[in-house]
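Dear colleague,

Please find below the structure that I am handing over to you.

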Amino acid sequence: MTHSDSQKADVHRGRLLYFYPENDSALAADLANYTAPEAAQHLRLAGEALPLWYDGAGDRVLLSGINGAWYDRMVADFGITADVFDYDCQGLTPEPWGWSRAVRSIYAAQGMPAEKMPSDADLERIRTLSSRLTSIDLSRHLLAACPFMATTRALAVTDEADLARELERRGSAIVKQPWSSSGRGVMDTRTLPAGQALRRAAGIIRRQGAVVVEDILSRTADFALLFRADAGRVSFSGVSLFNVNARYGYEGNLVGQQQTLRRILRHYISETQTADMVEALQGILADMIGDAYTGPLGVDMMATADGPAVAELNLRNTMGHVCLTLGERLLEPDVLADYRVAPLAGAFTEPEYACRNGRLTAGTLSLTPRPRFFSFLLSVRPDRL
């Protein structure tokens, strides 16, 4: 190896990050050459710079380009260290938003060696674990370890006649398709006439082979426990507090340092219960995942009057992980901010912000340069806790 080659390898000792929010839909299609719906493509293009905010030394980000003035300002104000991918995979480890056949094809097209990516068997295992059907087993195992858990009585249904009987028996229910993202594919049967709800649910069975039917619980808060899987081990990363709309679609996160978020979470779930769930999930998830997947993951949960309950497993990166990094990196203790992803209705006006010593102190920061289609914003709340 020449001296220049050695220098290049040192520079590239990091991850090649890629924002691909439509990955759950790509898992449903299970195609190497998957084309996402236009809205999903717009979300990806709008947020392709997001990985710059959870970078590490030597990391590169796979994107179509970057606004130089915005990038230089973020480097100066907040110390971003990642750079745009320069079409050289040497020394880089792929870490996309999530793995699927489609994502593996995208990395392969950039020159990433096959041995650095999941095998066909690994991808099939990841696809299976990423299905919402997995959450049924996860909830059952967690309830056995933590008896204080509430249960949604979740059930996988693969037959349309059984589906009709189950919906009639429950009266009202949440119906989930196995693969979808950001709350899409979640149906509350109370919002639809009975016949229409049944037809929609039956359509999911025909397309994806099953649906998950579960009870409707009175939720008081939505939160996630965030982890990272590596070589068969699972370690705890932190907590996430987020908001969903009436249709269970993701709306945004509450962002702060972990000590602040844990203090807020205690209003809904005791510190002891959180610790017990984390300890149990580390073992349960390690057994379920094995060494098929390396990267961030999260367990979405809800606080209810009867205790915490599992909503779903996300075997991929999440906005919660993004916000965990934003809170620790950009905010001072006892400062809270709101993270939101909003469709652009017209021309984008760059918001104003103030910062000091690499911390966001006031205003709103646009996390992507010159947003198109969607804006990704972090807004500091005016009052400290």
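Helix H11 covers residues 271-289; helices (H or I, at least four residues) and strands (E, at least two) are DSSP runs, numbered from the N terminus. The expected span of a helix is 1.5 Å times one less than its number of residues, so the 19 residues of H11 should span 27 Å, and the 26 Å between its end C-alpha atoms agrees with this. This is a predicted model, in which local features need pLDDT of at least 70 and side-chain atom pairs count only at pLDDT 80 or more, while totals for chains, interfaces and linings use all residues. Residues are numbered from 1 along each chain as its sequence is written, and side-chain values use heavy atoms, leaving out hydrogens and water.

Among the buried residues of H11 are Thr-274, Leu-281 and Leu-285 (buried: under 20% relative accessible area, 1.4 Å probe, protein chains only). Just after H11, Gly-290 has a positive phi of about 60 degrees.

S8 runs antiparallel to S5 (residues 155-157), joined by three bridges; two strands pair if DSSP finds at least two bridges between them. S8 also pairs with S6 (residues 174-176) in the antiparallel sense, over three bridges.

Yours sincerely

Key
Buried < 20%, exposed > 50% of the residue type's maximum accessible area, 1.4 Å probe, protein only.
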